[in-house]
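This briefing concerns the structure shown below.

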Amino acid sequence: FIGSTLLWTLLFHRQTLGIERVYIIARRKGSLSAASRIRRMLQEPMFCFLREEEKSRLVIVCEGDATLPWVGLCESDLTAMRTDSSVSHVINCAAYVNFNLSLRDAARFNISSALELKKLAEDFQHQVTFLHVSTAFVHGSECGSSECPLDENLFSLGIFDPEALFESMKGLPFYASKAMTELGFKNTYTFSKCVAEHLLCKSSKTRTIILRPSIIGPSIQEPFRGWAGKSPSTIVAAPCLFFSFPYVLWAFGRHCVPCLPVDIFCSQTVSLLSSSMDQNKACATSKKVSVINVAWNSVRSSDKSPDQMFTWTQYVIATAQTGAIVGLTSRFVSYMGIFVSMKLFPALKIGEYQFKWLHRLVSNATSMILRWQGETQENLDRMRPILNLPVFFYHYMNNDFVFQSNLIIPTNFDAEEYMMV
């Protein structure tokens, strides 16, 4: 989702940026080679501005695996990449956005891959900049405030050592589990991203930029309005789950959605790439490590007008009304869900612990009904992480997040229209 949009942005603005070619490191997926996967992606309508000859010339696919040593590249691809003087940046936007990963898998997909890509960047025969896409939610249980926003520094791990945490995540998880609990992390995804940031900053051989986006949502303009990838992710997953399983409990709070359109994030990334190219020419004076929040919910946006942002409550009402109008769910079921989430839970003062208990009760009942209807246990196990999304989202739906950021909401941004994209 982010990767394909970023690739579109780079190729669409290639002349302005002076891009000669883009190397893509991609995995084989089953019987489908990396080259076939990328070739299929480039046939999507969003890349129709490129001629076939340009696609072949501008995009070079290297089959690899970021979790393996030297990102799994063969010797010829590795040599060609490291010696190509036109390469100015190595970008890591690969991650496994799954809040239910084991600590071992989170370490493999979200830490090892980042470290291997940075090692590759450091091994180039010329100076390059390493850009790592992290997440804005690496501050444990902290949410920030207008007086003390979530800043652009590494989150303190206190008494815990990042290298020891990484080793614990890969082996015996007791030390890492203790750190997660004491530091207030709600899931292994944000915890692994936090540890990765610390480890990436330990080496200063090459300039490193860490980008922290908030929740990535559909685009508002590029490559076209409403682009959200082929499969539901991030904020799009909530209405998909709501329409598919309307009886699953949610706890939507009256808080602003910390969401950022994917094309805004990619345009900011490209802008940083452009400025870092100039800084690379003066690398002696450039800062070796930069951490940048890419979020709209910043202190400078605290005086935004009400119609420039939307809340989770407004989002669920719009979702329910849309689902009822197009026939995806019944109006009665939709409004009952809204009543329970917006009226009943606050009246009963249902907190996170009570919500998790109630959600587990309803989810187990739903699973029993689906099993009685003939659903296999294998499919139920596959659906469980999806059904548990309301639990994973609780922290983000029931708190206001305030980030230190220079990114301001455009005055012409229409929140109500964006909710319906």
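Helix α7 (residues 162–170) holds both E167 and K170, which stand three residues apart, about one turn of the helix. The model is predicted, and the points below are grouped by topic.

**Salt bridges**

- The side chains of E167 and K170 meet in a salt bridge, with an N to O distance of 3.2 Å.
- E167 is partly exposed, with a relative accessible area of 48%, and K170 also counts as partly exposed, at 33% relative accessibility.
- Elsewhere, salt bridges that share partners join R14, R51, E53, E54 and R57 into one network.
- E53 pairs with R51 in a salt bridge whose closest N and O atoms are 3.7 Å apart, and E53 is partly exposed, with a relative accessible area of 41%.
- The count of salt bridges comes to 17.

**Buried polar residues in helices**

- N110 lies in helix α6 (residues 103–122) and is buried, with a relative accessible area of 1%.
- The side chain of N110 makes a polar contact with the side chain of S192, at 3.2 Å.
- Beyond its neighbours within four places in sequence, N110 is in contact with A95, Y96, L101, Y189, S192 and A196.
- T190 is part of helix α9 (residues 188–202) and counts as buried, at 4% relative accessibility.
- Leaving aside neighbours within four places in sequence, T190 is in contact with T135, F137, V138, F185 and Y396.

**Nonpolar cores**

- In soluble globular proteins, nonpolar side chains tend to be buried together.
- The largest nonpolar core in this model has 81 residues, and those with the most contacts inside it are L11, W250, F265, W296, W312 and F393.
- A second, separate core of 22 residues includes F166, A176, A179 and F191.
- Not counting residues up to four places away in sequence, W312 touches several residues, including I215, F252, P258 and Y396.

**A nonpolar surface patch**

- On the surface, F332, M336, F339, L344 and L348 form a nonpolar patch with about 520 Å² of accessible area together.
- L348 lies in helix α13 (residues 331–348) and is exposed, with a relative accessible area of 54%.

Notes. Residues are numbered from 1 along each chain as its sequence is written. This is a predicted model: local features need pLDDT of at least 70, side-chain atom pairs count only at pLDDT 80 or more; totals for chains, interfaces and linings use all residues. Side-chain values use heavy atoms; hydrogens and water are left out. Patches are made of residues with over 30% relative accessible area and no salt bridge: like charges are joined within 9 Å, nonpolar side chains (Val, Leu, Ile, Met, Phe, Trp, Tyr) within 5 Å. Accessible areas come from the Shrake-Rupley method with a 1.4 Å probe; for residues, only the protein chains shown count as cover. A salt bridge is a side-chain nitrogen of Lys or Arg within 4 Å of a carboxyl oxygen of Asp or Glu. Helices (H or I, at least four residues) and strands (E, at least two) are DSSP runs, numbered from the N terminus. Buried means under 20% relative accessible area, exposed over 50%, partly exposed in between (1.4 Å probe, protein chains only). A polar contact is a pair of N or O atoms within 3.5 Å; within protein, one must be able to donate a hydrogen and the other to accept it, and residues adjacent in sequence count only if both atoms are side-chain atoms. Contact means heavy atoms within 4.5 Å. A nonpolar core is a set of buried Ala, Val, Leu, Ile, Met, Phe, Trp, Tyr and Cys residues joined through side-chain atoms within 4.5 Å.
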